[in-house]
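Hi,

Here is the structure I promised to pass on. Have a look at it first, and then read on for what turned up in it.

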Amino acid sequence: MAFPSSKHYNYLPVSVLEETESSPRPRSDLEAPPKYSHVEEVDELDYAATRPAKRPESWKKAAALILIVGAVLYLAVSGFRNAFERIGSMRCSGHKLPNSFTLPSGDQIPSVALGVWLAEKGKVGEAVKTALKNGYRHIDGAWAYGNEAEVGEALRESGIPRKEVWITSKLWNAFHAPGDIEPVLDESLSKLGTDYVDLYLIHWPVAFKKDTDNEVDWNLTDNPYPTWQKLEELVEKGKIRNIGISNFNIRRIQNLTSNPLKVRPAVNQVELSYWNPQPELVKWSKENGLLLEAYSPLGSAERVKETLEVPEVKKIAKILGITPAQVYISWHVQRGTVVLPKSVTPSRIEENFRITRLPQPLFDELEKAATSHKPERSVDPSERWGVDIWN
Ligand code: A2P
């Protein structure tokens, strides 16, 4: 897919970087105050005796010089400690965060999306339009969210050409049987008002029997290859650009990819947040060339308040002059994952798109804080469905 130019992406801290990079005084200025040889050589007593008439004026000059040097030193030293963390770290940061990641197909998937899970009908359309106005070019949706028609309408009303927006949808559990996939994909396409989706994911590694709410089809759950083969066919047919998985752990990924796949999974969309950072999965996915997408990146509605109050994050936000939400969203992209913050609030939608590379020491600090406590999931239907999804 041709992807829109990066002009849509604003990086808040560029101005911070510009401001702070020019402001530090060279260390040598601070450590080596200027030497005035005549001052050192003149003996105070001699000076007074040989040039008494000039003494009052020279004394004033010397006092003024001492005051100026003192003031400069004071300002430099007091500002230096605060500025150093910013400036030194900014220099380490090197470059901006990626606007997009490259998939096995060669397509570029935008790194920040608007997530529309739990975006209420009547609000989701406006949220999509606000997002597109603010530069988002990626909407992460699903058939199961029940809002694809409103999302589609907003996409059309935005006036942005279809090929400039990345649209993701997902195959619900009840439609894993090969014969059921194309009809439900067509339903999504029709609601979204498009003839293809950029990405289509197996929503959960759990298949339900047709026309049941949560009665597990163990054959298709244990062996998702027939489902995958049908998705490959739909890629060939042009209705889907890329196929992927969601909520798959390493064992389930390997169970799928041990088959002779024609198209390998482009992404795995999983819950990733401060509370559930999954460092092993992040590492494994990187090593195996599988891009992760982070859902509930702010801890989801029920924990977002608590997430934004984490002391380490508040500290980092203060240092960088950005918001805690921006720290988290930046952190996710810097971890090498696509991030899908959900919001229906215009100011938050705008805020969430303005991200920046965290200086390495601050990134490390957040990574350590996130991975030092017991992981907790926000989303886990295992019990309800009678499947241990994570094993
Ligand atoms: P709302 O949609 O009412 O704006 P997650 O992306 O982890 O699932 O979190 C979604 C929750 O976080 C929603 O309740 C959303 O509220 C809220 N939220 C999204 N962005 C922000 C933000 N920048 N500041 C505070 N809350 C936010």
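**Loops and ligand site**

G146 is partly exposed, because its relative accessible area is 40%, which falls between the 20% limit for buried and the 50% limit for exposed. Before going further, please keep in mind that this is a predicted model.

G146 sits in the loop that links β4 (138-140) with α7 (148-158). Its C-alpha is 8.9 Å from the C-alpha of W117, and 29 residues separate G146 and W117 in sequence.

Some other loop residues are worth a look too. T194 belongs to the loop between α8 (178-192) and β6 (197-202). T194 counts as buried, since its relative accessibility is 12% and the cut-off is under 20%. The side chain of T194 also makes a polar contact of 2.7 Å with the side chain of R162.

N247 is not a glycine, yet its phi is positive, near 65°. N247 lies in the loop between β7 (240-246) and α11 (250-257), and with a relative accessible area of 1% N247 is buried. S296, also not a glycine, has a positive phi of about 50°. You will find S296 in the loop between β9 (291-295) and α13, where S296 counts as buried at 8% relative accessibility.

Now to the ligand. Which residues come nearest to the ligand? There are 17 residues around the ligand, and L298, S300, K342, S343 and T345 are the nearest of them. By type, the shell holds eight nonpolar, six polar and three charged residues.

As for individual atom pairs, a side-chain N or O atom of K342 is 2.7 Å from an oxygen atom of the ligand. In the side chain of N352, an N or O atom lies 2.9 Å from a nitrogen atom of the ligand. P297 takes part through its backbone, with an N or O atom 3.3 Å from a ligand oxygen atom. On its own the ligand has 570 Å² of accessible area, and the protein covers 88% of that.

Two elements, α13 (300-307) and α16 (346-353), each give two or more residues to the shell around the ligand.

Best wishes

Methods. Residues are numbered from 1 along each chain as its sequence is written. This is a predicted model: local features need pLDDT of at least 70, side-chain atom pairs count only at pLDDT 80 or more; totals for chains, interfaces and linings use all residues. Side-chain values use heavy atoms; hydrogens and water are left out. A residue is near a molecule or strand if one of its heavy atoms lies within 4 Å of it. A polar contact is a pair of N or O atoms within 3.5 Å; within protein, one must be able to donate a hydrogen and the other to accept it, and residues adjacent in sequence count only if both atoms are side-chain atoms. Accessible areas come from the Shrake-Rupley method with a 1.4 Å probe; for residues, only the protein chains shown count as cover. Helices (H or I, at least four residues) and strands (E, at least two) are DSSP runs, numbered from the N terminus. Ala, Val, Leu, Ile, Met, Phe, Trp, Tyr, Cys and Pro count as nonpolar, Asp, Glu, Lys and Arg as charged, and the others, Gly among them, as polar. Buried means under 20% relative accessible area, exposed over 50%, partly exposed in between (1.4 Å probe, protein chains only).
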